[in-house]
Each structure stands twice: as C-alpha cells, then as structure tokens.
Amino acid sequence: MSKEPLYSLRMRAAQGGAHEEGGLHISGGERLGFRDEIEALVSGLLRKALQHSRGDADFINLTIEKVEPASCRVLSPLPVSTYEVADAEEGRRQAAVLLRELSVSEQAIRNALCLLGSVNNLRGAVLLDSRSGERLDTRGERGIRVSRMDWDRERYLYWQNQHPLFGSPRIAEAIALATKVAYAPGTVAELCWSDDPEYVTGYVGSRRSGYCRITRLKEQGDFSGGRVFFVEPGTFISEYIVHLERTPVWIG
Ligand code: PML
Ligand code: MG
Ligand code: MG
Ligand code: MG
C-alpha cells in the first residue's frame, strides 16, 4: 500500500439553508484519494450536489482533510446478490426475512422499517440495538456519517469488469460504505434505501450475508429513506462511531 498522503473528502448539500439551520438534506458524498486526485474528486462531488432529484441545493459544504495512510484498513468488497420483488411491500417483507436470518429481533426490524419509511431528512445513519430495537445514538437527523472509505482504483476496474450490470457510481459508493459498516466490530446488519425519490432499490448488508440488493424498498416519488445500522447489544457506542467516521478503509 502506498505511503503517499491520503485525503478524505466529504460533501453535504441542502436546500433552504444549511442543515444545521433547518435546510432540507439534498445529497452527501464521501471519497478518499491521493493529492493529485483531489480536483477531480471535488468536481465529482459538486456534480452530485448540483444534479440531484431531491432538489436544487443552495448550501454546499465541502471538507477536505489529510488522513494518516498508515492507519488504513483494506477490506474486500461484500459479495452482491439481488432479490427481485414486485413492489415495496414485498421488498420490505424480504428485508425482514434477511434481517431475521441475521438474528435481528422483530422489534428492531419494525422500528427500522417505521423509521426509514417516515424520515425524509436524515443525513447520516441511525444506530439501533439489534435486540431491543432502541435507538443508540443521540445525533437526531444528523445521524452517523460513515466516511473515509473508497475503492482502490485498480480493484474497482477489475470488480466492474466482473459485475458489468453494477457500473453506477451510486452502487460503488453504497458497496464501499456497506463493506466498511459490515466489518466494523459491533455491526450485526445494515438496512438502507435511498432518500432519492427516483431510486427505489435498497439493500440489507452484513458480513454473513453480503450485500443483498432488494429491487424495490419504496415506491417512486417517495422522499423517505436513509440507513439503519443494527448493533450488537453491549457495543461501546462512542468507539463504534469513531471507527465508522474516522478509520480510513480501502476496498481492495
Ligand atoms: C443511496 O443512493 O443513497 C443508496 C443506494 C443504495 C442501493 C444501491 C444499489 O445497490 O442499487
Ligand atoms: Mg442520497
Ligand atoms: Mg453517502
Ligand atoms: Mg443521504
């Protein structure tokens, strides 16, 4: 692994003012890269912020930080499988089946589905106890922002060749995030569907089951969505959050 300095880039965009002033969350993005890649990564993130189906952003925050390459973890991407479903109702039933197989409790599954189906302004992820279903973080709509992960560029090209149907940056970003989350000590599973009203596919992710895409978890036009991480009871939450937000991870 290269010893060159690494940079973390984080973007968040909102409409109607900054997030902290009550603006509507439009888009977020996280990348990791070397110094000579920063300009291209910034323009990619700006494009994402400015061309979004949730609306026209009038606030964009971009943070660039140097990170210690020595602390980088290298993880293989989760294997991908796809569950074709007819509608959101069947999709959510399928998600519940997969989560049950991972020992997430009925209560926690109900809470997660209810939460993701009702929120439309969540920036980061919500942490739920996988047994009691109780919320474990105190971040409100800000949630936990998983960052400092990205694909090793060569590995991504190779992966893309093997998975020609999954060529979109959205899927690449979601797999990188889901892989980091799945391998974080304390994670039992993740449930995600996009808050983008035009994108209805979501997934259940875990170390055991991989990245299980479900073709429909909501109906077209719905602004609800986000991420829930089901966490093993007894996990030290502040450490768990630091890991997700700060430890650099290469998908390689
Ligand atoms: C997002 O867009 O915020 C999450 C998308 C998750 C699903 C991506 C896919 O596998 O199609
Ligand atoms: Mg989004
Ligand atoms: Mg994101
Ligand atoms: Mg989001």
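Predicted model: local features only at pLDDT ≥ 70, side-chain atom pairs only at ≥ 80, totals over all residues.

Colleague: Which domains does the assignment give for the protein?

Modeller: The domain assignment gives domain 1 as residues 6–71 and domain 2 as residues 74–251. Their C-alpha centres lie 20 Å apart. To the contact, domain 1 gives 26 residues and domain 2 gives 22 residues.

Colleague: How is the size of an interface often given?

Modeller: It is often expressed as the accessible area that is lost when the parts come together. Here, the area buried between domain 1 and domain 2 is about 2000 Å², and carbon and sulfur atoms give 48% of that area. In domain 1, the residues that lose the most area to domain 2 are E30, L32 and R54, which together account for 32% of what that side buries.

Colleague: How many salt bridges and how many residue pairs in polar contact does the rule find across this interface?

Modeller: Across the interface of domain 1 and domain 2 there are 6 salt bridges. The rule also finds 15 residue pairs in polar contact there, with both residues at pLDDT 80 or more.

Colleague: Which elements of domain 1 give two or more residues to the side that touches domain 2?

Modeller: They are β1 (6–15), β2 (24–34), α1 (38–50) and β3 (59–67). The largest share, 9 residues, comes from β2. By class, this side of domain 1 has 7 nonpolar, 10 polar and 9 charged residues.

Technical notes
Residues numbered from 1 in each chain as written. Chains lettered and ligands numbered in written order. Heavy atoms only, no water. Domains from an automatic or database assignment. Contact = heavy atoms within 4.5 Å. Buried area = accessible area lost by both parts, 1.4 Å probe. Salt bridge = Lys/Arg side-chain N within 4 Å of Asp/Glu carboxyl O. Polar contact = N/O pair within 3.5 Å; in protein donor to acceptor, adjacent residues only side chain to side chain. Helix = DSSP H or I, 4+ residues; strand = E, 2+ residues; numbered from the N terminus. Nonpolar A, V, L, I, M, F, W, Y, C, P; charged D, E, K, R; others polar.
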